Amino acid sequence: MKSDRFGAMAPVTSVRLEATNHDGVLIGKTLSPAKYRSCREKGVAVPDLVLGLDLNNNSSLGYDHPQWRRNGLITDIELRPDEDTLVEWKPGMASVIGDLWTLQGEPVAADPRQALKRIAAAYAERGLSVLACVEIEATVFEESIDQARAQQYQNLTPLGGSSGAALVHAKSPDHTEYMEAVVARFDEIGLPWEAWSDEAATGQIEFNIAPADPVTAADRWARARQIMREVAYSLGRSVTFMSKWSAEYGQGSHLNVSVSDADGNIFFDASAPDEPSERMLHFLGGVMATLEASTSFALPTITSYRRLMELEGPPTTQTWGIANKSCAVRAVLAGPSATRLEYRLPASDSNMYSTLAAFLAGGLLGLDEKTTPPPRFDRMAWALAPGTVPVVPKNLYDAISALAADDQLRRYLGDEFVDYWVGLRRWEWFSYHTGAERTDEQISVWESLRYFELA
């Protein structure tokens, strides 16, 4: 143990040990203090199904399981706390995020947090460090979660009224009450935030979380979403991170990333501050070469692809540009401290551990191989004539197929992580097409029941 952070805490009566599964759902166990003390080093046993159940609590099937799943015998794996993440969640309760390990003491290669840690370590081995932050979007409703469930999440009333557009301060008090309660909880647990606002759709909100190293940034994303849920429920409201819950605008989780070495931000070129540096271009080259293969991480659900509407904000093409928000990747050239890349494709229902790992894997590939990106796109990248530029995959099936055929990302993410994800997403596609009463043009009740609370 680095230090006895737990022993230094105020007395607690319970410890919530947490992780996220591939769908981004916060999972784990709540332990007594005595039990937590006994498993701080080795971890606590959890069934391997924590990484094998879909959002309807069914076992995902139809693909090869890794050895740690032991051919469907429902064995145990271990959830080990990372005490660097230990906080007082509320009086009497501690919270700590952990990683999944096999019973043989090996990291579970399919664990999203372990995958991100591996990528961050690969940057460190090259003398590089990453700063990342997430813009979290969600929609809040007047109805309580019980009422939303009773209505099967249909015909809900967005919080704050229907007047106005994005970034409006003149919202009704119920909207402000919710936002202020969320940031008050952020402050209580020491989760740094930079801004909050309402967004394009009615009831839609955004929180900007402060930059950190990749794993910490993803940890903050997971905790911020949990707080947003808990506050909504405590105020008699409901909230969803579905990428598109209705015909309104969809919602995303934009990622901002910069990379530094001992001399500073490698994306910034002091001799040409209004142009991407050579190494930013190399990073972009790898990202763009793997963008199609990485799409299923950024857009992981059936509903994610409904967000890809021309002229509505989300990118629909595999393009990058300077200060061009219509592109999938936007280069922000803002001086030595703030020059960065913004990945605009991820939906709000993406798992940020996996999405950030895939984005950084593409960038590292580009840095290693000094990849040249395609020409930057200087026009509006929506509503283009067919064949002008490559487009983002239109559905989950096509995105999975692109990843399964790729041999570049898996070199950095690992075969087990990629193959397990492909299997899980194929199951998601199969479950929708065999279980939903649908028209495909409209969001189905199946999607609302599956994604509204847990995505």
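Lys-171 lies in the loop between helix 4 and helix 5 (173-189) and Asp-198 in strand 8 (residues 193-198), so the pair ties together parts that are 27 residues apart in sequence. Helices (H or I, at least four residues) and strands (E, at least two) are DSSP runs, numbered from the N terminus.

I note that the model is predicted: local features need pLDDT of at least 70 and side-chain atom pairs count only at pLDDT 80 or more, while totals for chains, interfaces and linings use all residues. Residues are numbered from 1 along each chain as its sequence is written, and side-chain values use heavy atoms, with hydrogens and water left out.

I then checked accessibility (buried is under 20% relative accessible area, exposed over 50%, partly exposed in between; 1.4 Å probe, protein chains only). Lys-171 is buried at 13%, and Asp-198 is buried at 3%.

I next looked up Arg-149 and Glu-453, whose side chains form a salt bridge at 2.7 Å, N to O. This pair links distant parts of the chain, 304 residues apart: Arg-149 is in helix 4 (residues 145-150) and Glu-453 in the segment after helix 14 (445-451). Arg-149 is partly exposed at 42%, whereas Glu-453 is buried at 16%.

A further salt bridge joins the side chains of Asp-378 and Arg-376 at 3.3 Å, N to O. Here Asp-378 is exposed at 58% and Arg-376 partly exposed at 34%. I also recorded one network, in which salt bridges with shared partners join Asp-82, Asp-99, Arg-113, Lys-117 and Asp-219. My search of the whole structure gave 31 salt bridges.

I turned to strand 5 (residues 87-90) and strand 6 (residues 93-101), which run antiparallel and are joined by three bridges; strands pair if DSSP finds at least two bridges between them. Lys-90 has Met-93 in strand 6 as its bridge partner. The hairpin has two residues between the strands, and Gly-92 takes a positive phi near 90°.

Finally, I examined the lining of the largest pocket. Helix 13 (residues 415-435) gives the largest share, three residues.

Conventions
Salt bridge = Lys/Arg side-chain N within 4 Å of Asp/Glu carboxyl O.
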